[in-house]
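Here is a short briefing to read alongside the structure. Take a look at the model first, and then we can walk through a few places in it together.

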Amino acid sequence: MLKRALLLAALGVLGLTGLAFLAEAAPPRQATAAPLAVGDPAKGGYLARLGGCAGCHGQNYAGQRADGTAGAPFGITLTAPGGGGTAPASNITPDAETGIGRWSDAELVRAIRDGIRPDGKVLYPGMPYARWHTIADDDMEHLVAFLRSNPAVQNKPPARQLQVEPAQPRFSAPSPKSSPGESAGRGEILITVANCANCHTPRTAEGTLDPSKYLAGNILGTGATAQAAANITPDRATGIGDWTVEQIATAIKLGRRPNGTALSGAMATQINNRFQFLSDTDARAVALYLKSIPAVQNRPAALLPAPAAMPRTGDDAPVLPMAGAAGLGALALGLGWLGRRRASSPA
Ligand code: HEC
Ligand code: HEC
């Protein structure tokens, strides 16, 4: 189950080629017309921030600009590996003509969680539906309520141009009905949505996340700007096995290790943009999950260039809240340093 989720998460990043071997000619399912129970837009906005929807769809959620030019608050265009084409982020504001205004709740849920549009087309898997698949029905009600509460923006992103149509995704388990309360199970969902593995899990030679080293630490970037994303498995020697649940929750929300030092660089950015907003119970759920996964011995920092070669940036400064930067962290999140994104936003 976990490995499967990992694999799917990795494939989501890999894109086009990724899901091909899972292909199955399933007929498009019929979306039911029944609207969802009324969700809470604030709770939905919380999930959207954690998942970094705005990082791709833009601060205004209106997707890539119609003419494809750069510029916040609009979104970005994803490029498929190996010249496989482009998929501009869609307009997911309630605009009836160019957005999702005419979609039923069920159609929206199906697109976000299963990757199938109302017309039966499979979404490009760079849109991380393989990860959103883990979001429970009740949380989806909130997410849909949030999307519907956003201002409608008229903007028609350019059509996608893909060499190969994405394959029908296949999931090993249906999405959960209701999200568990404070527990490792809730933590697993949050960690999947937040894509911690994208930074903390090393990749195989093929570029997929290595399931045998799940969250066991990884090197981000290269050369002088490289940074180790720590081993966050419960290994006592190389991971965070000695940290208590409270200490892990504090590190994730406030950027402070048990020894008082501040988390820096890529992690500080994520905390500023996203993780500081985690509720206390959700931060503890994430910590409970991290306590429950297999301990893996791995010391990524040992692979870094000597400390003298590390640049000194402002990143060592204490973590300061940064308002309004909702999903920019998601640029790194989805595809960032893999360099596969064609940024159309100057940010
Ligand atoms: C890594 C970038 C990325 C992230 C993060 C992302 N999306 Fe997407 N999304 C896309 C792209 C690109 C498309 C268009 C795919 C295509 O055309 O095949 C898309 C398509 C969609 C669609 C279908 C719209 C349509 O008109 O076809 C919906 C709905 C959607 N996204 C919702 C969301 C929500 C909600 C979130 C956050 C929970 C989210 N997306 C996060 C990139 C992303
Ligand atoms: C964009 C990349 C990125 C993402 C996403 C990310 N991290 Fe990190 N994380 C890092 C880096 C880099 C460090 C090391 C920071 C440092 O050395 O100052 C780190 C450090 C940590 C630490 C401190 C470990 C230690 O031994 O000092 C914890 C705990 C942690 N991350 C948990 C998480 C969790 C949980 C998530 C998802 C909710 C997550 N991280 C998502 C990059 C990331």
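Helices here are DSSP runs of H or I with at least four residues, strands are runs of E with at least two, and both are numbered from the N terminus. Please keep in mind that this is a predicted model. With that in hand, let us visit two residues and one ligand.

**Ser-179**
- The loop that joins β3 (161-162) to α7 (184-194) is where Ser-179 lies.
- Ser-179 counts as buried because 20 other C-beta atoms lie within 10 Å, and 20 or more is the cut-off for that class.
- Leaving out residues up to four places away in sequence, Ser-179 touches Ala-136, Asp-138, Asp-139, Arg-186 and Ile-189.
- Ile-135 is 44 residues from Ser-179 in sequence, yet their C-alpha atoms are 7.5 Å apart.

**Pro-41**
- Helix α2 (residues 41-51) holds Pro-41.
- Pro-41 is partly exposed because it has 18 C-beta neighbours inside 10 Å.

**Around ligand 2**
- Ligand 2 is surrounded by 27 residues, and the closest are Cys-196, Cys-199, Ala-230, Ser-264 and Met-267.
- Two or more residues of this shell come from each of α7, α8 (196-200), β5 (227-229), α9 (245-254), α10 (265-273) and α12 (329-334).
- Sorted by class, the shell around ligand 2 has 19 nonpolar, seven polar and one charged residues.

Technical notes:
Residues are numbered from 1 along each chain as its sequence is written. Chains are lettered from A and ligands numbered from 1 in the order in which they are written. This is a predicted model: local features need pLDDT of at least 70, side-chain atom pairs count only at pLDDT 80 or more; totals for chains, interfaces and linings use all residues. A residue is buried if 20 or more other C-beta atoms lie within 10 Å of its own, exposed if 12 or fewer, and partly exposed in between; C-beta atoms are placed from the backbone. Two residues are in contact if their C-beta atoms, placed from the backbone, lie within 7 Å. A residue is near a molecule or strand if its C-beta atom, placed from the backbone, lies within 6 Å of it. Ala, Val, Leu, Ile, Met, Phe, Trp, Tyr, Cys and Pro count as nonpolar, Asp, Glu, Lys and Arg as charged, and the others, Gly among them, as polar.
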